[in-house]
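Morning, everyone. Please have the model open on your screens while I talk.

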Amino acid sequence: MKSVYVESYGCSLNKSDGEKLKGFLASNNFEIADYPESADFVIINSCAVKKATENKMIRRISQLNADAKTHNFKLIVSGCLPKINSSKISEINSNILQFGTELSEISQFFSLNEAHFNPLIPEIRDNKFVCIMPINSGCLDNCSFCAVKQSRGILKSHSVESIKQKFLQ
(Lines give C-alpha, C1' and ligand atoms only; values in the text may rest on other atoms or scores of the structure.)
Protein backbone atom coordinates (compact mmCIF):
# COMPACT_ATOMS: atom_id res chain seq x y z
CA MET A 1 0.00 0.00 0.00
CA LYS A 2 1.36 3.40 -0.95
CA SER A 3 1.48 6.09 1.70
CA VAL A 4 0.98 9.83 1.43
CA TYR A 5 1.52 12.74 3.78
CA VAL A 6 -0.53 15.90 3.16
CA GLU A 7 0.27 19.32 4.58
CA SER A 8 -2.11 22.24 3.85
CA TYR A 9 -1.69 25.97 4.23
CA GLY A 10 -3.80 29.05 3.68
CA CYS A 11 -7.47 29.82 3.63
CA SER A 12 -10.34 27.64 4.81
CA LEU A 13 -10.98 26.47 1.26
CA ASN A 14 -7.40 25.25 0.94
CA LYS A 15 -7.62 23.52 4.32
CA SER A 16 -10.83 21.84 3.18
CA ASP A 17 -9.14 20.76 -0.05
CA GLY A 18 -6.35 19.19 2.03
CA GLU A 19 -8.86 17.28 4.18
CA LYS A 20 -10.68 16.08 1.08
CA LEU A 21 -7.41 15.14 -0.60
CA LYS A 22 -6.56 12.91 2.37
CA GLY A 23 -10.06 11.42 2.41
CA PHE A 24 -10.05 10.82 -1.34
CA LEU A 25 -6.64 9.13 -1.28
CA ALA A 26 -7.53 7.04 1.79
CA SER A 27 -10.73 5.89 0.05
CA ASN A 28 -8.49 4.80 -2.84
CA ASN A 29 -6.31 2.56 -0.65
CA PHE A 30 -3.55 5.01 0.26
CA GLU A 31 -2.24 5.00 3.80
CA ILE A 32 -2.24 8.52 5.28
CA ALA A 33 1.13 9.03 6.96
CA ASP A 34 1.56 11.10 10.10
CA TYR A 35 5.00 12.37 9.11
CA PRO A 36 6.62 13.19 5.77
CA GLU A 37 9.58 10.92 6.52
CA SER A 38 7.31 7.86 6.59
CA ALA A 39 5.51 8.53 3.29
CA ASP A 40 6.07 7.50 -0.31
CA PHE A 41 4.56 10.80 -1.48
CA VAL A 42 4.46 14.16 0.28
CA ILE A 43 1.90 16.67 -0.94
CA ILE A 44 2.15 20.25 0.20
CA ASN A 45 -1.14 21.95 -0.59
CA SER A 46 0.20 25.46 -0.92
CA CYS A 47 -1.08 28.99 -0.58
CA ALA A 48 0.40 31.97 -2.35
CA VAL A 49 -2.26 34.61 -2.70
CA LYS A 50 0.00 37.14 -0.97
CA LYS A 51 3.78 37.57 -1.34
CA ALA A 52 4.59 36.92 2.33
CA THR A 53 2.71 33.62 2.22
CA GLU A 54 4.40 32.70 -1.07
CA ASN A 55 7.81 33.22 0.57
CA LYS A 56 6.78 30.98 3.50
CA MET A 57 5.72 28.27 1.03
CA ILE A 58 9.02 28.47 -0.84
CA ARG A 59 10.93 27.98 2.44
CA ARG A 60 8.78 24.97 3.36
CA ILE A 61 9.09 23.42 -0.10
CA SER A 62 12.88 23.85 0.11
CA GLN A 63 12.91 22.05 3.47
CA LEU A 64 10.78 19.20 2.14
CA ASN A 65 12.92 18.97 -1.00
CA ALA A 66 16.01 18.42 1.17
CA ASP A 67 14.09 15.85 3.26
CA ALA A 68 12.94 14.06 0.08
CA LYS A 69 16.56 13.30 -0.79
CA THR A 70 17.26 11.90 2.68
CA HIS A 71 13.99 9.98 3.18
CA ASN A 72 13.31 8.96 -0.43
CA PHE A 73 9.79 10.34 -0.97
CA LYS A 74 8.35 12.05 -4.04
CA LEU A 75 7.48 15.71 -3.40
CA ILE A 76 4.29 17.12 -4.91
CA VAL A 77 3.21 20.76 -4.65
CA SER A 78 -0.47 21.42 -5.24
CA GLY A 79 -2.77 24.33 -4.56
CA CYS A 80 -2.33 27.97 -5.43
CA LEU A 81 1.45 28.36 -5.76
CA PRO A 82 1.84 26.23 -8.91
CA LYS A 83 -0.87 28.33 -10.56
CA ILE A 84 0.63 31.65 -9.45
CA ASN A 85 4.39 31.10 -9.59
CA SER A 86 5.42 27.63 -10.75
CA SER A 87 8.89 28.86 -11.75
CA LYS A 88 9.78 29.44 -8.07
CA ILE A 89 9.10 25.77 -7.37
CA SER A 90 11.11 24.68 -10.41
CA GLU A 91 14.05 26.78 -9.18
CA ILE A 92 14.15 24.62 -6.05
CA ASN A 93 14.04 21.38 -8.04
CA SER A 94 12.65 20.85 -11.52
CA ASN A 95 11.62 17.30 -10.54
CA ILE A 96 9.05 18.47 -8.00
CA LEU A 97 5.63 17.58 -9.37
CA GLN A 98 3.25 20.54 -9.60
CA PHE A 99 -0.54 20.45 -9.70
CA GLY A 100 -2.98 23.32 -9.34
CA THR A 101 -6.15 23.52 -7.30
CA GLU A 102 -8.07 20.72 -9.05
CA LEU A 103 -8.38 17.25 -7.54
CA SER A 104 -8.63 15.85 -11.07
CA GLU A 105 -4.94 16.58 -11.67
CA ILE A 106 -3.87 14.52 -8.66
CA SER A 107 -6.35 11.73 -9.34
CA GLN A 108 -4.99 11.48 -12.89
CA PHE A 109 -1.37 11.35 -11.67
CA PHE A 110 -2.19 8.44 -9.36
CA SER A 111 -4.25 6.72 -12.12
CA LEU A 112 -7.45 6.95 -10.07
CA ASN A 113 -10.94 7.69 -11.29
CA GLU A 114 -11.19 11.37 -12.10
CA ALA A 115 -12.57 13.38 -9.20
CA HIS A 116 -13.29 17.05 -8.54
CA PHE A 117 -13.43 18.87 -5.23
CA ASN A 118 -17.04 19.10 -4.08
CA PRO A 119 -18.85 18.95 -0.74
CA LEU A 120 -19.40 15.17 -1.00
CA ILE A 121 -15.78 14.04 -1.44
CA PRO A 122 -14.79 12.03 1.67
CA GLU A 123 -12.53 13.89 4.07
CA ILE A 124 -10.18 13.26 6.94
CA ARG A 125 -10.57 16.22 9.22
CA ASP A 126 -7.61 17.96 10.80
CA ASN A 127 -9.86 18.97 13.70
CA LYS A 128 -12.70 16.60 14.60
CA PHE A 129 -14.72 19.51 16.00
CA VAL A 130 -14.59 21.64 12.84
CA CYS A 131 -16.22 20.85 9.51
CA ILE A 132 -15.34 23.23 6.69
CA MET A 133 -18.16 23.37 4.13
CA PRO A 134 -17.06 25.22 1.01
CA ILE A 135 -20.01 26.49 -0.98
CA ASN A 136 -17.97 27.93 -3.84
CA SER A 137 -14.51 28.49 -5.25
CA GLY A 138 -12.95 31.41 -7.08
CA CYS A 139 -13.45 35.14 -7.09
CA LEU A 140 -15.18 37.92 -9.01
CA ASP A 141 -12.76 40.76 -8.22
CA ASN A 142 -9.26 41.65 -9.45
CA CYS A 143 -7.59 43.03 -6.33
CA SER A 144 -4.00 44.09 -6.95
CA PHE A 145 -2.74 42.55 -3.68
CA CYS A 146 -4.39 39.14 -4.11
CA ALA A 147 -4.11 36.26 -6.57
CA VAL A 148 -7.19 34.19 -5.70
CA LYS A 149 -8.76 34.70 -9.12
CA GLN A 150 -5.50 33.68 -10.80
CA SER A 151 -5.25 30.50 -8.75
CA ARG A 152 -8.91 29.52 -8.34
CA GLY A 153 -10.51 31.11 -11.39
CA ILE A 154 -13.85 32.86 -11.70
CA LEU A 155 -16.36 32.26 -8.92
CA LYS A 156 -18.16 28.91 -9.22
CA SER A 157 -20.75 27.70 -6.72
CA HIS A 158 -21.39 24.11 -5.70
CA SER A 159 -24.95 22.88 -6.18
CA VAL A 160 -27.43 23.59 -3.41
CA GLU A 161 -28.24 19.87 -3.32
CA SER A 162 -24.60 18.82 -2.70
CA ILE A 163 -24.24 21.43 0.06
CA LYS A 164 -27.50 20.26 1.65
CA GLN A 165 -26.39 16.59 1.49
CA LYS A 166 -23.07 17.47 3.12
CA PHE A 167 -24.81 19.41 5.87
CA LEU A 168 -27.08 16.45 6.63
CA GLN A 169 -24.19 13.96 6.91
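Start with helix H3. H3 lies across strands E3, E4 (74-79) and E5, and runs at about 140° to E4. Axes here are lines fitted to C-alpha atoms, for helices over the stretch in contact, and angles run from 0 to 180 degrees between N-to-C directions. Contact means heavy atoms within 4.5 Å. Helices (H or I, at least four residues) and strands (E, at least two) are DSSP runs, numbered from the N terminus.

Two words on the source. This is a predicted model, where local features need pLDDT of at least 70, side-chain atom pairs count only at pLDDT 80 or more, and totals for chains, interfaces and linings use all residues. Residues are numbered from 1 along each chain as its sequence is written, and side-chain values use heavy atoms, with hydrogens and water left out.

Now the sheet. In what order do the five strands form the open sheet? The order is E2-E1-E3-E4-E5, and the pairing is parallel. Two strands pair if DSSP finds at least two bridges between them. Strand E2 (31-32) and E5 stand at the edges with a single partner strand each, so one side of each has no neighbour in the sheet.

Let's walk across. Strand E1 (residues 3-8) is joined to E2 by two bridges.

Next, E3. E1 and E3 pair over five bridges, in the parallel sense. Val6 stands opposite Ile43 in E3. How many of the six residues of E3 are buried? Six of six, and E3 is mostly covered. Buried means under 20% relative accessible area, exposed over 50%, partly exposed in between (1.4 Å probe, protein chains only). Phe41, Ile43 and Asn45 point one way from E3, while Val42, Ile44 and Ser46 point the other way.

On to E4. Six bridges join E3 to E4. Ile44 has Val77 as its bridge partner in E4. From E3 the chain crosses through helix H2 (residues 51-71) to E4, and this β-α-β crossover is right-handed. That label means that, with the strands pointing away from the viewer, the path from the first strand over the helix to the second runs clockwise. Why is E4 described as largely enclosed by the rest of the structure? Because five of its six residues are buried.

E4 and E5 run parallel, joined by two bridges. Val77 turns up again, with Gln98 as its bridge partner in E5. The crossover from E4 to E5 goes through H3, and this β-α-β crossover is right-handed too.

Now the loops. Asn93 is found between helix H3 (80-92) and strand E5 (97-98). Asn93 counts as buried because its relative accessibility is 19%. Its side chain makes a polar contact with the side chain of Asn65, at 3.0 Å. A polar contact is a pair of N or O atoms within 3.5 Å; within protein, one must be able to donate a hydrogen and the other to accept it, and residues adjacent in sequence count only if both atoms are side-chain atoms.

Finally, His158. His158 sits in the loop between strand E7 (156-157) and helix H6 (160-168). At 21% relative accessibility, His158 counts as partly exposed. Leaving aside neighbours within four places in sequence, His158 has contacts that include Phe117, Pro134 and Ile163. His158 and Phe117 are 41 residues apart in sequence, and 9.5 Å apart in space, C-alpha to C-alpha.
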